[in-house]
Amino acid sequence: MQKKKFTELNLSPEINKAVEDMGFEEATPIQSQAIPHLLTGKDVIGQAQTGTGKTAAFGIPVLEKVDPNSKDVQALILCPTRELAIQVSEELGRLGKYKNKITTLPIYGGQSIGRQIKALKKGVQVVIGTPGRLMDHMRRGTLKFDNLKMAILDEADEMLNMGFRDDIETILDGIKGKKQTIFFSATMPKPILKLRKKYQHNPEIVKVVHKKLTVPNIEQAYFEVNRSNKLNALSRLIDMYDPKLSLVFCNTRKQVDELVIQLQARGYFVDGLHGGLSQPQRDRVMNKFKTATIEILVATDVAARGIDINDIEMVFNYDIPQDEEYYVHRIGRTGRAGRKGKAFTFVSGKEIYKLKSIQKYTKTKIKRKKIPSASDVEEVKLGLVLDSVADIIEADDLTKETRLIEEQLEEDYVSIDIAAALLKLVREEETQTDTENVEYFGNTGAEPGMVRLFINIGKKQHISPGDIVGAIAGETNISGDLVGLIDVYDRYSFVEVPKEHGKEVLKIMKNTTIKGKSIDIEPANPK
Ligand SMILES: Nc1ncnc2c1ncn2[C@@H]1O[C@H](COP(=O)(O)OP(=O)(O)OP(=O)(O)O)[C@@H](O)[C@H]1O
Ligand SMILES: [Mg+2]
C-alpha cells in the first residue's frame with residue numbers, strides 16, 4: 001500500500017503546517033495517490049474505504065488550486081446531505097487555516113437564502129453544497145460558475161440515487177468552460193460509468209484496492225432476533241458494551257421516532273435524526289451528539305454517508321439496510337482513521353437472505369452472535385475491565401503503583417492474589433452503583449418522593465393501567481393509590497412508587513406475571 005509523507009507531495013507551507021496542526025503524520029493511501037493527479041489538473045475517480053481521508057484527498061488540491069486573489073467561485077463540492085456539507089466545509093476550514101485569503105461557504109436548504117446571497121456577493125472561492133439549494137442559486141443568478149476550475153462529487157454514487165441524478169446533470173451542464181470533474185466515494189457501482197463518460201475526460205482511476213469493501217478494524221456481527229425483541233436486544237447490547245457514542249440506523253422516519261421514544265422511556269440519552277426534521281432541529285441534534293449530550297443517535301440513512309465523528313464506537317443496524325452499499329456506509333461511521341469499532345446488525349426471519357447478499361457484496365464474513373444473557377453481560381463487562389487494564393499497562397507510568405504492590409508482596413501475598421482482589425474490588429464498586437440506581441431515581445423525572453420504574457410488557461399483551469397498579473398493590477404492601485401510573489405504551493409502561501418502596505417493588509415483582517403474562521420490571525435509568 002502506497003503511503004507518502006505530506007512533505008513528499010509538493011504542497012504549500014500553509015497546507016503542510018495545517019496538516020501538522022491536525023495531527024496527520026502521513027498521507028493516507030488515497031491521499032498519496034489522488035493528490036498528485038488532482039494537482040496536475042486531471043479528472044479523477046477516487047475510491048477508498050470509509051474513514052480513510054477522502055475529504056482531504058480532494059480538499060487539499062482544492063485549496064492549493066484556487067486563486068486567492070480572484071473573488072470568483074473556483075471550486076464546487078457537491079454533497080448529498082446538509083450535515084455532510086457542513087462537515088466538509090469545516091474540514092476545509094481546518095486545512096485552509098493558514099490560507100486566510102480563501103473563503104469557503106456551505107450552501108444548503110433550510111438555511112436563510114438571504115444570508116447565503118449576501119455571503120456569495122462578498123466573494124467566495126469554494127462552495128460546498130447540496131444540489132437543491134445550489135440549483136436555486138443558479139436559477140436566481142446568485143451563483144455563477146464562469147470561472148469554475150473544479151467540480152467535485154463527494155459520495156458520487158449516492159448523487160445518482162435518491163433522484164439526485166437530474167439535479168446533478170443540471171448543475172454540471174450549467175458549468176461552462178474547462179474544468180476538472182472529480183468523483184469520490186467508498187463505493188462505485190456501475191451506473192456511475194454513465195456519468196463518467198458524459199462529464200469526465202480521461203479520468204485517472206484511483207482505487208485503493210482491498211479485498212474487502214469494509215475496513216478490518218470494525219468488528220462485524222449479526223444477531224437473529226424477532227422483531228418484537230429488537231428493543232430489548234439493543235438495550236442489552238448497549239448496556240453491555242457501554243459505548244461512548246453509538247449510532248442506530250432504522251429504515252423509516254417513523255421507526256426512528258418510535259425507537260427514540262422507547263429508548264428515552266428507558267432512560268437513555270438519545271435523540272433522532274431524519275429528513276422530516278427542520279434544519280434547526282437537525283443542527284441541534286447533531287450538536288448534541290458531537291458534544292456527547294446524547295450518547296445514542298437514532299437515524300435514517302441521512303446519517304449514513306460521510307459523517308465523521310471520532311467517538312462513535314458502535315453502529316447498529318436496527319433495521320437491516322435495503323441496499324448493500326448502505327451497509328458499507330452505515331457501518332463506516334465507526335472505525336474511522338484506524339480506530340476500532342463494532343457494527344451489529346439485527347436480522348429477523350427472511351432478512352437473513354439480505355445479510356447473505358451483503359456479505360457477498362462486501363466480501364466479508366459477518367459472524368453470528370447470540371443476544372447476551374444477563375450473565376454474559378457480566379462476563380463481557382469483566383472483559384472490558386481487563387482490556388482497560390491492558391491499555392494502562394501499555395500506556396501509563398506505573399512506577400508508583402508497582403512500588404506499592406512490591407511492598408504488599410513482602411507481606412507474603414503473591415501478585416496473582418493481589419490482582420484478583422483488586423479486580424473484585426473494582427467489580428463490586430460497579431455492581432454497587434447498579435443497584436444504587438434505585439436511590440437516585442429522583443433524577444428520572446419522577447414526582448418528588450417517588451421513584452420511576454420501567455415495566456416491559458412484551459408483545460400484544462393487552463394489559464391495562466389498572467392491571468399494573470392492581471398487580472403492584474396485590475403483591476406488595478403498597479396501597480394502590482400510592483402507585484402513580486405514568487402511561488402504558490404499546491409494549492411498555494412506567495409507574496412511580498414511593499421512594500422507600502422502590503427496592504421492594506423491584507425485588508418482589510422481578511419475576512412476576514400480570515394476567516398470566518410474564519412482565520419485566522426494572523429501574524428507569526437515571527437522567
Ligand atoms: N492523513 C491523515 N492522517 C490521520 N487522520 C486523517 C488523515 N486524513 C484524514 N484524517 C482524518 O480521518 C477522518 C476520516 O476522514 P474522512 O471523513 O475524509 O474519511 P472518508 O474517506 O471521506 O470517509 P467516508 O467514506 O465515510 O466519507 C477524519 O477525522 C480526518 O480528519
Ligand atoms: Mg467522506
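Which residue in β12 is the bridge partner of Leu 247? The legends below, which describe a predicted model, return to this pairing in the second view.

View 1. The secondary structure comes to 19 helices and 19 strands, and the C-alpha trace spans about 85 × 65 × 45 Å along its principal axes. Of the 527 residues in the protein chain, 39% are buried. Among contacts with a separation of 6 or more, 75% are accounted for by residues 24 or more positions apart.

**View 2. Strand β12 and its two pairing partners.** Strand β12 (residues 312-317) is mostly covered, with 5 of its 6 residues buried. Strand β9 (residues 245-249) pairs with β12 in the parallel sense over 5 bridges, and within this pairing the bridge partner of Leu 247 is Val 315 of β12. Strand β13 (residues 341-347) also pairs with β12 in the parallel sense, here over 4 bridges, and the bridge partner of Val 315 in β13 is Ala 343. Val 315 can therefore be followed in both pairings, because a pairing rests on at least two bridges found by DSSP between two strands, and Val 315 is a bridge partner of Leu 247 as well as of Ala 343.

**View 3. The largest nonpolar core and the surroundings of Val 298.** The largest nonpolar core has 103 residues, and those with the most contacts inside it are Leu 76, Ile 152, Val 248 and Val 298. Helix α3 (residues 54-65) contributes the largest share of this core, 6 residues, while domain 1 (6-207) and domain 2 (219-374) each supply at least three residues to it. Leaving aside residues up to four places away in sequence, Val 298 touches Val 248, Cys 250, Val 256, Leu 259, Val 260, Val 270 and Gly 272. In soluble globular proteins, nonpolar side chains tend to be buried together.

View 4. Over residues 4-32 the chain is 45% helix and 0% strand, and the end C-alpha atoms are 5 Å apart. Phe 24 has its place in the loop between α1 (13-21) and α2 (29-39). Why is Phe 24 classed as partly exposed? Phe 24 has 16 other C-beta atoms within 10 Å, and this count places the residue in the partly exposed class because a buried residue needs 20 or more and an exposed one has 12 or fewer. Not counting residues up to four places away in sequence, Phe 24 touches Phe 6 and Val 19. The C-alpha atoms of Phe 24 and Lys 42, which are 18 residues apart along the chain, are separated by 25 Å.

Key
Residues numbered from 1 in each chain as written. Chains lettered and ligands numbered in written order. Predicted model: local features only at pLDDT ≥ 70, side-chain atom pairs only at ≥ 80, totals over all residues. Core = buried A, V, L, I, M, F, W, Y, C linked by C-beta atoms within 7 Å. Domains from an automatic or database assignment. Contact = placed C-beta atoms within 7 Å.
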